[in-house]
Amino acid sequence: MKAITIREPGGPEVLEWSQVEDPEPAAGEVVVDVVAGAVNRADVMQRMGLYPLAPGTSPYPGLEVSGRIGALGQGVTGWRVGDEVCALLTGGGYAQKVAVPAAQLLPVPRGVSLVEAAGLPEVTATVWSNLVTTAGLREGETLLVHGGLGGVGSMAIQVAKALGARVVTTVGGPEKVARARALGADTAVDHRTEDFTEHGPFDVILDVIGGDYLERNIRSLAVDGRLVVIGLQNGLDGRINLADLVFKRLSVYGTTLRTRSEEQKAAVVTEVRDNIWPMVENGSVRLLVEDRLPLREAAEAHRRMEAGGHTGKILLVGE
């Protein structure tokens, strides 16, 4: 088979369309013949050498795919060769085939094409595990989502609204303000001209930015507020006012989905299937797709992601 390999840490040009060995399913795994995958920020970090991989992880990037089951490993039940699925991965999705634990498979939601289903597993699992499992977002609370028109942000807005929360989001530019409101945000803040702290206090903040946003995030949280940091686009360094942390009884979480155990990921996938899949199928939540590119053009997809300005997901379609 062919896969996108990383020649060395660097820019998009280090991604190469290479001949590699076909995967074999271990016990409890299936092999998926990939129809499409999706680009995530973690893929960019891996390409740059900034995302250490756990032992045994595929060296190829790619955290989610859709396709058809091509082979079953020993002990797999409930799935058949030929079933159309999408899957949450630890890596290896930029390839024509990928082995994945059967517990991380999801059926394609009704009303969603097989190609577009590739963009659902990582973003829905990220949103549910962070907003609900970690932060405990409840009906009537106020959520702040940074980067509301990215893949995670656009899904977080919709899921939070479906759960009955009030949603504030930050975006860049007046056109994006209008698009975020159309997506369901109660308030969209242009971070280029406004200070998001003026729209608080917030019960929960989902932050994909990191860096110097930390201090303002803490300052704008309500009493018993929860901050979940899942991205580091503005760097690794931030300051915390410990007085705010203590006297407002705040909780700060740093999480990533990729490094969780297979058992933990299986639990998240089950929660997504039970809770977000019905939202997708009834139309209250939808995937935003910015673009579709051939898998062999993954380097161009990375360039577009790093340039910013995209809305929703960039998909990689197999050949």
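Visitor: What is the phi of Gly136, the residue that follows α2?
Guide: Keep in mind that this is a predicted model. Gly136 comes after helix α2, and its phi is positive. The value is near 65°.

Visitor: How many of the residues of α2 are buried?
Guide: Look along the helix and you'll find Pro121, Glu122, Val123 and Thr124 buried, among them also Trp128 and Leu131. That leaves α2 mostly covered. Out of its 14 residues, the number buried is eleven.

Visitor: Which residues touch the most other members of the largest nonpolar core?
Guide: Here's the background: in soluble globular proteins, nonpolar side chains tend to be buried together. In this model the largest nonpolar core has 46 residues. The ones touching the most other members are Leu131, Leu143, Val159 and Val272.

Visitor: Which element gives the most residues to this core?
Guide: Several elements give two or more residues to the largest nonpolar core, including α2 (121–134), β8 (142–146) and α7 (262–281). The top giver hands over seven residues, and that's α7.

Visitor: How many residues are in the other core, the one with Phe196 and Ile209?
Guide: This core lies apart from the largest one. Ile218 and Val229 are among its members too. Its residue count is 15.

Visitor: Is Leu242 buried or exposed?
Guide: Leu242 is found in helix α6 (residues 242–247). Together with Ile240 and Val252, Leu242 makes a nonpolar surface patch of about 250 Å². Its relative accessibility is 57%, and the cut-off for this class is over 50%, so Leu242 counts as exposed.

Visitor: And Thr57, is that buried or exposed?
Guide: Thr57 has its place in the loop between α1 and β4 (64–72). Leaving out residues up to four places away in sequence, Thr57 touches Thr90 and Arg258. Its relative accessible area is 17%, and the cut-off is under 20%, so Thr57 is buried.

Visitor: How wide an arc do the buried residues of α8 cover around the axis?
Guide: The buried residues of helix α8 (residues 298–307) are Ala298, Ala299, Ala301, His302 and Met305. They sit on the same side of α8 because of the arc they cover. As a general point, an α-helix has 3.6 residues a turn, so residues three or four places apart point the same way. Here the arc is only 155°.

Key. Residues numbered from 1 in each chain as written. Predicted model: local features only at pLDDT ≥ 70, side-chain atom pairs only at ≥ 80, totals over all residues. Heavy atoms only, no water. Core = buried A, V, L, I, M, F, W, Y, C linked by side-chain atoms within 4.5 Å. Buried < 20%, exposed > 50% of the residue type's maximum accessible area, 1.4 Å probe, protein only. Helix = DSSP H or I, 4+ residues; strand = E, 2+ residues; numbered from the N terminus. Patch = residues over 30% accessible without salt bridge, like charges linked within 9 Å, V, L, I, M, F, W, Y side chains within 5 Å. Areas by Shrake-Rupley, 256 points an atom, 1.4 Å probe, with all protein chains shown as cover. Salt bridge = Lys/Arg side-chain N within 4 Å of Asp/Glu carboxyl O. Arc of directions from axis to C-beta. Contact = heavy atoms within 4.5 Å.
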